[in-house]
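Here is a short briefing for a reader meeting this structure for the first time. Please look it over before reading the points below.

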Amino acid sequence: MKSWLAVAIGLLLCEGMNAQEQWGLRLGTYAGVNGLALNPASGAGFDYQVDVNLLSGHFFLETNYAWLRKSSLFGLGLKIGNLDFVEARDYDLEPQAFPGDVVFEFADDARKRYLYSSATITGPSALFRLKGGHSLGWIVQGRFAMGGQRLPNNLSYIRYDRRPDLEPFPMHRWEMGMVAWSGIGVHYGRQWQTGYGKFHLGLTAKYLMGYEGFYFQNNTDLDAYTKITGDTIAAEKMDLSYSYTRSNLGAPPFQLVRNGSGFSADLGAEWTFDGAFDPHQYKVGVSLLDIGAIRFSGEQVVKHHAVSSKPVV
């Protein structure tokens with residue numbers, strides 16, 4: 001397997017922004033603290049006086065670059081530490097030679113590639129509903145997010161592997177990034193009675209601590225990339241921007257190093273409509289999440305802008 005493609009595949013499949021797949025604990029009427037992560041207005045409409053979260057979490061990954069055959073999350077969990085992978089092209093030629101192996105299959109179509117992965121661990125947090133329609137609380141989270149949209153189809157593994165050497169191919173502008181951070185948030189919500197139900201507003205203000213991150217941007221559209229051989233590509237010119245934290249690029253063990261800080265806020269509104277069902281017939285909400293930024297700085301943060309008007313390899 002080509003070395004730089006192997007790195008890309010590892011990023012796509014092992015690390016981990018579409019909302020509906022992540023509802024999980026956060027959507028239900030009794031979501032409590034976890035509901036604040038989807039819409040902070042839900043805290044004002046919580047039906048109990050107190051909700052305490054000790055530990056909860058989620059992990060989500062979606063990509064159309066590759067997938068696993070003959071597997072499930074439960075099955076992979078049972079085999080953890082003893083997993084054997086085989087590429088689909090090898091498995092289809094001689095399946096009897098790979099009993100019990102997990103089949104690794106790369107996409108081979110005309111679509112642009114995408115990636116999104118996220119993970120959240122929510123620690124000791126609490127939500128309190130007070131008299132007069134008020135709600136107060138706090139939330140402590142560790143989070144990870146990684147994403148890239150419109151990734152070049154020309155870098156799909158099978159298509160690139162089949163491409164003849166010295167045959168030019170185009171590559172459009174694209175980018176991807178990753179960040180790992182934690183946050184401590186303070187919540188306030190307010191509930192009002194209406195003629196048809198209830199109306200809620202909510203705000204969660206958060207102090208953020210950034211640990212690891214990277215981004216990569218290809219800033220030019222170019223029709224003249226050329227596969228030289230193996231994992232080597234030539235281009236007529238280059239304009240790349242990239243940055244990364246290097247606090248954990250050396251030998252293990254992993255260390256949690258704070259390389260940045262920032263602030264963010266979540267805003268939300270929610271309407272409930274009374275009816276035959278209890279506690280409401282319908283619920284409609286809208287929210288804006290993670291409005292803010294983390295600034296990374298210090299000796300462990302590296303930033304580059306690589307530009308060349310001449311051919312590069």
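In which sense do β3 and strand β5 pair, and over how many bridges? The two strands pair in the antiparallel sense, over 4 bridges. Keep in mind that this is a predicted model.

- β3 and β5 belong to an open sheet of 3 strands, in the order β3-β5-β4.
- β3 (66-69) and β4 (85-87) are the edge strands, and each pairs on one side only.
- On average, neighbouring strands of this sheet are turned by 30° against each other, direction ignored.
- The pairing in the sheet is mixed.
- In general, strands of a sheet pair through backbone hydrogen bonds, either parallel or antiparallel.
- β5 spans residues 102-106, and E105 in β5 stands opposite W67.

**A37**
- A37 sits in the loop between α2 (33-36) and β1 (50-53).
- Its relative accessibility is 17%, so A37 counts as buried; the cut-off is under 20%.
- Not counting residues up to four places away in sequence, A37 touches R26, Q141 and L289.
- A37 and G298 are 261 residues apart in sequence, and their C-alpha atoms are 30 Å apart in space.

**H280**
- H280 is placed in the loop between β15 (260-273) and β16 (282-296).
- H280 counts as buried because its relative accessibility is 16%.
- Leaving aside neighbours within four places in sequence, H280 is in contact with T29, T272 and F273.

Definitions and conventions. Residues are numbered from 1 along each chain as its sequence is written. This is a predicted model: local features need pLDDT of at least 70, side-chain atom pairs count only at pLDDT 80 or more; totals for chains, interfaces and linings use all residues. Side-chain values use heavy atoms; hydrogens and water are left out. Two strands pair if DSSP finds at least two bridges between them. Axes are lines fitted to C-alpha atoms, for helices over the stretch in contact, and angles run from 0 to 180 degrees between N-to-C directions. Buried means under 20% relative accessible area, exposed over 50%, partly exposed in between (1.4 Å probe, protein chains only). Contact means heavy atoms within 4.5 Å.
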